[in-house]
Amino acid sequence: MAREDEDVRPGGDPCRGAAAVRTITEEERVAEARVIPLRPGRVSGGGAQPVAEDTTASEDLPGTVRAARSGDGPAQAGGGRDGEAPEPDPAVDARLEDRLAGLARFVRRRLAGEYEVDEFGFDAELNDAVFLPALRLLYERWFRVEAVGLHNVPGDSGALIVANHAGTLPVDALMTAVAVHDHHPERRHLRLLGADLVFRLPVLGATARRAGHTLACGPDAERLLRGGEVVGVWPEGFKGVGKPFRDRYKLQRFGRGGFVSAALRTGTPIVPCSIVGAEEIYPKIGDIRPLARLLGLPYFPITPFFPLLGPLGAVPLPSKWYIEFGEPISTAEYGPDAAEDPMLVFDLTDQVRETIQQTLYRMLSQRQSVFLG
Amino acid sequence: MTPRVVLVTGVNGFLGAQLAMRLASDPDIERVLCVDIVPPSPEVRRRLGRAEFIRADIRNRLIAKVIAAARVDTVVHTSVSPEPVGGGRALNKELNVIGTMQLLAACQTSPLVRRVVLKSTSAVYGSSPRDPAVFTERTEPRELPSGGYAKDAAEIEGYLRGFARRRPDVVTTTLRFSNFLGPRADTVLSRYFALPAVPVPLGHDPRLQLVHTEDAVAVTRLATLTDLPGVYNVAGEGVLTLTQAVRRAGRLPVVLPRPALRPVGAVLRRVVPLGWPPESGTPDFGQVMDTTSLRENAGFVPRWSTAQVFDDFVQGRGLRPLVDADRLGGGWDRIRSATVPGRR
């Protein structure tokens, strides 16, 4: 569904600075030909230069996703019409109509249950049409994420992305999923491994399954990796995501190295991933333990705005994010039996952890402002 | 080795009845004995052909005499059922667990028994948020079923393992079936999806796996006729979620909070013979099984995928959709064709 949305730039490295580089669809170019845009260049991520000139804007597929993602294209196209063209453009009309027809077909398919769900409950169509566009708004507008190093994520085989966890709520995992989908040339779906708490809760658990995520356990991780999926894991778990603000960017213990065992058994590479910016979205300055225990949660956070401002305090601070995918660490040469060698598992775990920690320090030293980057 | 004398328990269930019919039409098999506590309907009885019906309670010692006297060499135990036969849960458990114990005890004393096939269920895996998404035959359930049919099934499997230990010369096959569904068979799920408004749990969308009744009979027959030692998961390929299935059938989902689901189900069960939600172990978190072993080791590939099973059921039953997606979702096409006559 999202394939028609925007394509990666033909030629060149499609991964580098991808978040910063917006591709321009057909109608935007039409619009740009007519009006002088208010903002020169279409920089959404900041930083990198707007170099993209997409020539592969798709015409054939009506885009429900594009419709849902109304931030730029339609607005500019509309601006173009208002400003200059007095007579209605039949091409625009036809496109709008196609889009509505596509939407109607989508609604029909959903109502008739005519969609595919994999054995984990992953519903790719729903993910592309609903979940990802919603997250993309946050990704592009709120956190202005810049993702680099996506060429380190293989295009057609399994890989295990291991990243640092932060931010009180696991927004970083979702943003990484958007980065891997939107800025990888193969538009891969990142399958996250989550805590059982997520899957126990009503609505959240069902939604997570539909979005392709599953329980962080050996069998599921290995099954996904054997199936050639890109799997994302945050081995720090609650220790990482719920650590106090003063400990920001200090990696916690990496679980028991279960993720390394899974990678070794399946011979898939580990891609260390470092995320900067997630620590500042909900600075956790306190923890109401009794309340957490009462609710069965790992912690009940106090941030400068939550629970002080109530629901308003649940709005994340708009920090500027960077996600860097590092060099893959190959595991195939050790063989599947190596998963039974605890020393090797510890060594690899430490290697991944150190890589992420060092990259975090480097990225932090380059960052000038939490909110501006 | 083709069996000479086969004993099939639970001939009132569709699996037992269908299997007995097929075996009866196989000239290589000398005798087919069907056992149940109530006689089958005249219709089933007629179609059983030369298969002999013996009205017996497998909880009774009589079954040992039947097995010894008829020189039974293959026992197919299909009477384990989630549905109480009139007497409620207590009787159901008696029939399931005590019946199996007696049957296996009888098998153990008969030196002629060479093969035992057990119909089991995916319910033995339980269903909890801490379980992996897909169960293989070796997956240990995180939370053992605390009661009801799922617990019965887990215990029955345990008894069969014990039997296999004591009689290593007997080939035992355990077939863990996912939910049966077929156009003709009357199963728990078929009654559930035939309801006009289908109660579904709030906030949970369990993944369902289905096995076509024809495939279920075929695989049981395969296990009866050939040696398939071990435990096999049996399910059609692919997965449907519960709400997806409800939509495919054009039913109206009635979302109920999980605690209310069971009481409502109990009330519904009195009004219509409904087995859903099961008394215990409602698979809110889904139960999906890996069927690689069935395909590769047993060489059995189900002919129907989960989605095909469901569609076959909907069509075969002639379920008229209450919610017509074509009318709701196809509205745009009609509006367009009405307003823009020139186009398409």
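**Close-up 1. B:Arg207 in strand β10 of chain B.** In this predicted model, B:Arg207 lies in strand β10 of chain B, which covers residues 207–208. With a relative accessible area of 5%, B:Arg207 is buried, because a residue counts as buried when this value is under 20%. Leaving aside its neighbours within four places in sequence, B:Arg207 is in contact with residues of chain A, among them A:Glu119, A:Phe120, A:Gly121 and A:Arg209, and with residues of chain B, including B:Ala133, B:Val239, B:Leu240, B:Thr241 and B:Phe285. B:Thr243 is 36 residues away from B:Arg207 in sequence, while the two C-alpha atoms are 9.1 Å apart in space.

**Close-up 2. Helices α4 and α5 of chain B.** Helix α4 (residues 88–109) and helix α5 (residues 148–166) of chain B pack at an angle of about 5 degrees, and their axes are 10 Å apart. The two helices, α4(B) and α5(B), are therefore roughly parallel to each other, since angles under 35 degrees are counted in that way. On the side of α4(B), the residues that make the contact include B:Arg89, B:Asn92, B:Lys93, B:Asn96 and B:Val97, and on the side of α5(B) they include B:Tyr149, B:Asp152, B:Glu155, B:Ile156 and B:Tyr159. Sorted by class, this contact of α4(B) with α5(B) has nine nonpolar, five polar and five charged residues.

**Close-up 3. Helix α7 of chain B.** Helix α7 of chain B has 13 residues (213–225), which at 1.5 Å a residue should span 18 Å, and this agrees with its end C-alpha atoms, which are 18 Å apart. Among the buried residues of α7(B) are B:Asp215, B:Ala216, B:Val219, B:Thr220 and B:Ala223. An α-helix has 3.6 residues a turn, so residues three or four places apart point the same way.

**Close-up 4. The largest nonpolar core and B:Leu48.** The largest nonpolar core has 36 residues, and those with the most contacts inside it are B:Leu23, B:Cys34, B:Leu48, B:Leu175 and B:Phe177. At least two residues of this core come from each of β1, α1, β2, β7, α7 and β12 of chain B, and the largest share, eight residues, comes from α1(B). Not counting residues up to four places away in sequence, B:Leu48 touches B:Val11, B:Ala17, B:Ala20, B:Met21, B:Ala24, B:Cys34 and B:Pro40. Apart from this core lies another, of 35 residues, which includes A:Ala221, A:Tyr249, A:Phe259 and A:Val260.

Terms used: Residues numbered from 1 in each chain as written. Chains lettered and ligands numbered in written order. Predicted model: local features only at pLDDT ≥ 70, side-chain atom pairs only at ≥ 80, totals over all residues. Heavy atoms only, no water. Axes fitted to C-alpha atoms, helices over the stretch in contact; angles between N-to-C directions. Helix = DSSP H or I, 4+ residues; strand = E, 2+ residues; numbered from the N terminus. Parallel < 35°, antiparallel > 145°, perpendicular 65-115°, else oblique. Contact = heavy atoms within 4.5 Å. Nonpolar A, V, L, I, M, F, W, Y, C, P; charged D, E, K, R; others polar. Expected span 1.5 Å × (residues − 1). Buried < 20%, exposed > 50% of the residue type's maximum accessible area, 1.4 Å probe, protein only. Core = buried A, V, L, I, M, F, W, Y, C linked by side-chain atoms within 4.5 Å.
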